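Colleague: Could you walk me through a few features of this model? I would like to learn how to read them.

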Amino acid sequence: MALLEVSDISVQFGGIRALDDLSFEIEEGQILGLIGPNGAGKTTLFNVVSRIYDPTQGSVTFDGHDLLALPAHAISRVGVYRTFQNLALWPGMTVLENVMVGDHTRTKANFFTAAFRLGTKQEEQALKRRAWEALEELDLEEHAYHPAAALPFGTLKRIELARALIADPRLVMLDEPASGLTHAEVDSLAQDIRNLRDNHNLTVLLVEHHMRMVLGISEHLVVLNFGRKIADGHPDVVRNDPEVIEAYLGSGNSE
């Protein structure tokens with residue numbers, strides 16, 4: 001049964017149609033790769049699902065609920081979490097603090113109670129414990145009290161995964177998680193994603209240009225080109241689709 005259903009989504013910016021009647025589904029527990037050349041509309045789709053953009057038309061249903069009826073700040077509360085192409089960590093905060101921020105929407109503290117430390121100690125301790133467990137799962141506990149600014153890029157990418165994990169998501173949307181990583185780091189990240197999916201029954205929507213990684217961990221592929229879906233199916237079938245080859249290589253290089 002589909003956990004996320006994207007139906008006839010179109011997004012238009014002036015005269016530019018960034019998404020053109022896009023429809024696809026993700027089954028619960030599946031890793032789905034959303035791929036396509038630069039400018040194909042992948043990040044636009046992420047921004048629609050995470051409520052940064054409002055579509056021109058169409059619907060997005062998450063576990064039977066209308067996702068487009070929710071404000072952006074409520075997305076994580078229903079179990080949808082995303083990462084961004086560019087790191088969204090606070091460099092001056094420790095790794096542990098950065099991970100703790102990932103679950104801030106579920107805490108009961110407000111400005112007044114936090115400022116005067118009213119009834120927040122127990123909640124903060126529980127939050128810190130969950131953050132530590134996420135760091136342990138990704139072998140990051142040795143960096144817990146280091147400032148994020150001092151750490152290698154590959155480690156920072158895994159910190160973002162830990163921050164997503166602490167929010168107890170059902171769907172994680174990963175936007176270019178392998179960007180800027182070495183081959184060894186890409187392989188390690190791919191294994192981390194598989195393990196997190198298996199251990200937490202996560203559903204993963206992955207946008208990534210690193211094709212070896214996408215083909216290695218995705219169980220289903222959706223391919224976009226100029227905002228339009230050109231292929232949808234098993235990776236072994238999609239990778240040999242003539243229209244997909246044309247979109248990536250162009251007719252002059254198709255041989």
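Colleague: Where is glutamine 30 found?

Modeller: First, this is a predicted model, where local features need pLDDT of at least 70, side-chain atom pairs count only at pLDDT 80 or more, and totals for chains, interfaces and linings use all residues. Residues are numbered from 1 along each chain as its sequence is written, and side-chain values use heavy atoms, leaving out hydrogens and water. Helices (H or I, at least four residues) and strands (E, at least two) are DSSP runs, numbered from the N terminus. Glutamine 30 sits in the loop between β2 (16–27) and β3 (31–35).

Colleague: Does glutamine 30 count as buried or exposed, and why?

Modeller: Buried means under 20% relative accessible area, exposed over 50%, partly exposed in between (1.4 Å probe, protein chains only). Glutamine 30 is buried because its relative accessibility is 10%. Contact means heavy atoms within 4.5 Å; not counting residues up to four places away in sequence, glutamine 30 touches Glu25, Arg197, Leu202, Thr203, Val204, Glu219 and His220.

Colleague: How many aromatic pairs does the structure hold?

Modeller: Rings of Phe, Tyr and Trp (its six-membered ring) pair if their centres lie within 6.5 Å; planes under 30 degrees apart count as stacked, over 60 as edge-to-face and the rest as tilted. The structure has two such pairs. Phenylalanine 13 and tyrosine 53 are edge-to-face, because their planes lie at 75 degrees, with ring centres 5.3 Å apart. This pair links strand β1 (residues 2–13) to the loop between α1 (42–49) and β4 (57–62), 40 residues apart. Tryptophan 132 and tyrosine 145 are tilted, as their planes are at 35 degrees and their centres 6.1 Å apart.
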